[in-house]
Amino acid sequence: MSPRFGSLVKEGGVRFAAWSGAAERIWVSLFDQQGNRETDRLELTPEGEGVFARFVGGLGEGARYGLRAGGPFAPEKGLWFDPDKLLADPYAVQIDRSYAYDTRLTASERGVDTAALVPKAVVRERASEIAPAPPLFRPGGLIYEVSVRAFTMRHPDIPVHDRGTLRALAHPAVIDHLARLGVSAVELMPVTAWIDERHLPPLGLANAWGYNPVTFMALDPRLAPGGLADIRHAVAALHDAGIGVILDLVFNHTGESDALGTSLSLRGLDSRAYYRHAADGQLVNDTGTGNTVNCQHAIVQELVLDSLRHFVREAGVDGFRFDLAPVLGRLETGFDADAPLLRAIRSDPLLGDRILIAEPWDIGPGGYQLGNFRPPFLEWNDRYRDDVRRFWRGDAGTLGGLATRLAGSSDVFAKAGEGVSRTVNFIAAHDGMTLADLVAYRLKHNDANGEGNRDGHDDNLSWNNGFEGPVSDPQVVLRRRNDARALLATLFASRGTIMLTAGDEFGRSQKGNNNAYAQDNELTWLDWSGRDQELERYVAALSRLRRSVPALTETGFLSGRPVGGDAIPDVEWLTEAGRTMRERDWHDGRRLAMVMAGGTPDGGRLAIVVNGDEQPTTFVLPDRNGFGWTAALDGGPAVDSQPLAGRSVAFMIERKDASNGE
């Protein structure tokens, strides 16, 4: 079923429809095929309950248009009507150019027609819908976070004209790389059309991440010059390789920003309805961007749901990650996991089986909601990120926290009686330091962002191994390389879904910049020719092991109770001497062995041995008649102990009759 709003091609013409609860008049402005000259301005007819619509004969696919709205200009009441402002249709599925900031777009700037400054919506017939197939991704798999532009701009095998675009994701070289890593799904950072924050152009910078959207359905022409066909092509190629596609979408704010921002779409149609306002008329800022989308309003909920359905129907995506997701569930009384929009997403016939991932925090009241979303939502787990970083940084008393995170964070996700973990474990993401920079920089280095190094988090739980930034000392280089391997091994050893950000598998660096959203340049573009291929091979081996061992990809919580016919505990926590961990070991220790059932189909166990101490040690592994231990990553002869260098992780597999060489 088509949405109620937007442009709909019908026999003999196009029906335009928009919604505003406060506008007195709404027009559709038609433009020539270049989108430069306004050829007609037609008033839409009020149809009741805020709906304005009109059928325009003689139009068809490819027509360019925008909206205009008239009514009171009373910013103190949240009303910014101005017919001089050309507005992007919130339901546009394609626009003819990218958004570009201009001071004349500012909402308070009146008397200047902005048609020349605003992209035009392009009328498109609904493509033949893709029959929704079950998502390829399953919880417990590997998500690979990708900035399309940064990932492909410097890839030597991708044709120049495809670099930086969605079509590049379908290139065999990209597919091969993802397959080697065992990626279960790519999570694409925002691909819908965005605009630069107003302070960036004077600094000669541009938004590189896309977390500043204007329209929720239209793809950004820089990433998708061919429109919807480009994402369909990429998704189809990835699906053919068995790789799912998750879209990172932003429904918490728009690029119209605060009261000093632009009037590009929702603000000009009905700011009071589309954005949250305080009692004094001021915009609510639960996002840190100056405005917050009003997800309590039924018309906003309809827009969000229609946007999600659009990408399932028209592109066949497997799911969505929701940026600053508490905004979607915040009511006047605070966050509610059963708020109408969240409930509607979970129960929607088309969306209910999709992969749903929440970033469970924002800066609004009660904004930290880790563990509080309802199934099937998975959640980014920052406690995992921080506890793993603290342990490998060397902080005291962190061994227990590490074990809890390795085992699926039951302290967070089992509190509602859930039997499986909904955690998305990650050590580094787009926001913050890269994994390589975590072990090379103790401080942030954001001077390139033009804000005097004031932006970005100050406490990164990072360390530099004695020197800040690039070094030539081979011992420091080796320590950093080993630390990176330990972090990666920890990630792949953890129960629950895991996420790796593109390039962290081969040592990408942003030179200590932990807020590189404004660096659309070689600081964030992946250096494919200079990548650490040895580290990349190690990550691929970790991924192969994870996929082959059921104990690692299962998402149920570990209890320590016996499982199976031979009464083996699902997990044992042991010291390096092979005895059960005691309270003092947890408090003072830096070493442990996590021994899990489900290592092999024939009943063998998996041992993950962690040495967080600087000094090497030897782990004694529990003996069992008829079984023996071998190194899981590189094989080798059967052993009953595992020598382990300082600050490292090893995997051991118990195999039947391995001690007899069979």
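Angles under 35 degrees count as roughly parallel, over 145 as roughly antiparallel, 65 to 115 as roughly perpendicular and the rest as oblique. This is a predicted model, in which local features need pLDDT of at least 70 and side-chain atom pairs count only at pLDDT 80 or more, while totals for chains, interfaces and linings use all residues. Residues are numbered from 1 along each chain as its sequence is written, and side-chain values use heavy atoms, without hydrogens and water.

The axes (lines fitted to C-alpha atoms over the stretch in contact, with angles from 0 to 180 degrees between N-to-C directions) of helix H5 (residues 298-315) and helix H6 (residues 340-347) cross at roughly 25° and come within 10 Å. H5 and H6 are therefore roughly parallel to each other. Gln301, Val304, Leu305 and Leu308 of H5 meet Pro340, Leu341, Ala344 and Ile345 of H6 in the contact, where contact means heavy atoms within 4.5 Å.

A pocket is an open set of points on a 1 Å grid where a 1.4 Å probe fits, with protein on both sides within 12 Å along at least five of seven lines; lining residues have an atom within 4 Å of a point. The largest pocket holds about 1,300 Å³ of space, a volume being the space filled by probe spheres set on the points. Its lining has 50 residues, with Trp209, Thr287, Asp431, His457 and Asn515 nearest the centre. Helix H7 (residues 382-393) gives the most to this lining, five residues.

The second largest pocket has a volume of about 750 Å³. Ala436, Asp437, Gly507, Arg508 and Ser509 are the closest to its centre among 29 lining residues.

Key:
Helices (H or I, at least four residues) and strands (E, at least two) are DSSP runs, numbered from the N terminus.
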